[in-house]
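Please take a look at the structure shown here, and keep the sequence beside it while you read. The briefing that follows is meant to be read slowly, one topic at a time.

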Amino acid sequence: MSAAPFFAGAMGSSSTTTSTYAVSYYPGCSADGTGVEYDLSARAVCEALGIELRELHDWTCCGASSAHALDEFVGLALPARNLSLAESAGLDLVVPCAACFNRLRWAAHTMAGDGGAIPAGVPPFAGRVAVHHLLEFMAAGAPLEALRSAAKRGLGGLPVVPYYGCLTVRPAEVTGAPDAEDPTGLDRILGALGADVRRWPYKTRCCGAALTLPRPDVVADLCGEILSMARRAGAEAIVVACPLCFMNLDRQPRAAGEAPAPVFYFTELAGLAMDLPAARKWLRKHLVDPRPVLAARGIE
Amino acid sequence: MAVARHSADAAGILARRVDGLAETALRECFQCRKCSAGCTVAAAADILPHEVVQAVQMGQSERVLGSHFIWLCVGCQTCFSRCPNQVDIPALTDALRALALASGAAPAEPAALAFHRSFLAVVRRKGRAHELSMIRRYKQATGGLLDDFRLGLALWRRGKIRLRASKPRGRKEVRALFDRKGKSERP
């Protein structure tokens, strides 16, 4: 083991064989498909840190960007069903996907604030458990300190830009983000892991989200600008916390002559900085091979 | 609601329906255009968010319901986050899509509608958004089956395409939610 389970001791348990810090975990529908390396790396990093991610039993789709777009009732009922399950499980819910996080958090916000207007048939939720994005969960307090002490290998000063996208932070009323125009959680995590975190103006730009299929031209324009700005900020890679941002950016719609800019999930960089052996398998799933920029910093 | 004063005309009717659906007070808009300045899809859209709000206020239903904007809006929440008056334009856009569908007119961006419908059809059947099923439905609806063949192959080689959908037990509950069978369970 490269990293001692941090929470076993930190949470005051005498047992060192089981983790004592447990949360419910909502993988989201991309977790066994296009976002598989996000899910694998999130689970591996949390396990190494002694954080137990208990997959929410019998979870179903949150509705993502389509349910609320076409059907108001289903737009609320789909996330509410999962909130209801999380409440029964009795643990706070941690969500890696930005869109899932936003829909679940929006539903919790809606149901907590205006119980009288909730349509009949929406699964009940009384607000007894909280919903966190995995990024926000890792970016402060004990998890951040656990990451810092476990990141023994570090990242060799790899220059990166933190890309938050939209739905991890906006709107602040829903996400609880302290500064939705200039969030800092991912900056803190990447700093703790030993990256050179570059300043740039596109932290919360949109990648085009679910226009991937219907309007690939729009997504290519938006992602092309983001990649180009990352390069101009001196970054060699872009770090994300959303499977849709990853998918759109990893396709690399670059201007002619621009070098590729690999994309990482922040959990992958955490795994690399912690020297977790499984990290190599995650990186092989990227369209743009990130291994050359890592090798140049002595990380293989 | 300012626009509701003209409730006898189409302007008021559309504005009230939209205002109710979106739970947002459009009268608060003073046309500062911060929404449009930061709009993700400004370059691709035919009308901009501040124009959508204005058109709704003025009852120009064809202009908004027939617009590309309502289908291009990705719900990035930039406009709502920056609005000095908390006009919830993404929620308004959701309501306008519903009105556009109810009107029976062809959407200005049929592929966007086909995407949402493919996504929801798969979730209704399987409880989760199985990606391959969704893409198959989408391609059947829009044609161009081989458009993204190279991308599909690249993802396949990397083990990122799951052939079989997972089958959560809750899929039956999900289908009931789509079909509103749960409606009578609570008062």
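This is a predicted model: local features need pLDDT of at least 70, side-chain atom pairs count only at pLDDT 80 or more; totals for chains, interfaces and linings use all residues.

In chain A, four strands form an open sheet in the order β2-β1-β3-β4, and four strands form an open sheet in the order β6-β5-β7-β8. The contact between chain A and chain B takes 43 residues from chain A and 50 residues from chain B.

**The sheet β2-β1-β3-β4 of chain A**

- The strands of this sheet are paired in parallel, and its edge strands are β2 (51-55) and β4 (131-133) of chain A, each of which pairs on one side only.
- From one strand to the next, the twist averages 40°.
- Strand β1 (residues 21-25) of chain A runs parallel to β2(A) and is joined to β2(A) by five bridges; within this pairing, Ala22(A) has Glu52(A) in β2(A) as its bridge partner.
- Helix α5 (residues 98-113) of chain A lies across β3 (93-95) and β4 of chain A, and its direction is at about 155° to that of β4(A).

**The sheet β6-β5-β7-β8 of chain A**

- Here too the pairing is parallel, and the edge strands, each pairing on one side only, are β6 (196-197) and β8 of chain A.
- Helix α9 (residues 185-193) of chain A packs on this sheet, where it touches β5, β6 and β7 of chain A and makes an angle of about 155° with the direction of β5(A).
- Helix α12 (residues 266-273) of chain A lies across β7 and β8 of chain A, and it runs at about 80° to β8(A).

**Strand β7 of chain A and its neighbours**

- Strand β5 (residues 159-162) of chain A is joined to β7(A) by three bridges, with the two strands running parallel, and Val161(A) stands opposite Ile238(A) in β7(A).
- Strand β8 (residues 263-265) of chain A also pairs with β7(A) in the parallel sense, over three bridges, and the bridge partner of Val239(A) in β8(A) is Phe264(A).
- In a regular strand the side chains alternate between the two faces of the sheet. In strand β7 (residues 237-240) of chain A, Ala237(A) and Val239(A) point one way while Ile238(A) and Val240(A) point the other way, and all of these residues are buried.

**Where chain A touches chain B**

- On the side of chain A that touches chain B, the elements that give two or more residues are α3 (64-70), α4 (72-89) and α10 (216-232) of chain A.
- Of these elements, α3(A) gives the most, with seven residues.
- Sorted by class, the side of chain A that touches chain B has 26 nonpolar, eight polar and nine charged residues.

**Cys83 of chain B**

- Cys83(B) lies in the loop between α6 (78-82) and α7 (89-103) of chain B.
- Is Cys83(B) buried or exposed? Cys83(B) counts as buried because 21 other C-beta atoms lie within 10 Å, and the cut-off for a buried residue is 20 or more.
- Leaving aside residues up to four places away in sequence, Cys83(B) touches Lys34(B) and Cys35(B).
- Cys83(B) and Cys35(B) are 48 residues apart along the chain, yet their C-alpha atoms are separated by 6.4 Å.

Note on methods:
Residues are numbered from 1 along each chain as its sequence is written. Chains are lettered from A and ligands numbered from 1 in the order in which they are written. A residue is buried if 20 or more other C-beta atoms lie within 10 Å of its own, exposed if 12 or fewer, and partly exposed in between; C-beta atoms are placed from the backbone. Two residues are in contact if their C-beta atoms, placed from the backbone, lie within 7 Å. Two strands pair if DSSP finds at least two bridges between them. Axes are lines fitted to C-alpha atoms, for helices over the stretch in contact, and angles run from 0 to 180 degrees between N-to-C directions. Ala, Val, Leu, Ile, Met, Phe, Trp, Tyr, Cys and Pro count as nonpolar, Asp, Glu, Lys and Arg as charged, and the others, Gly among them, as polar.
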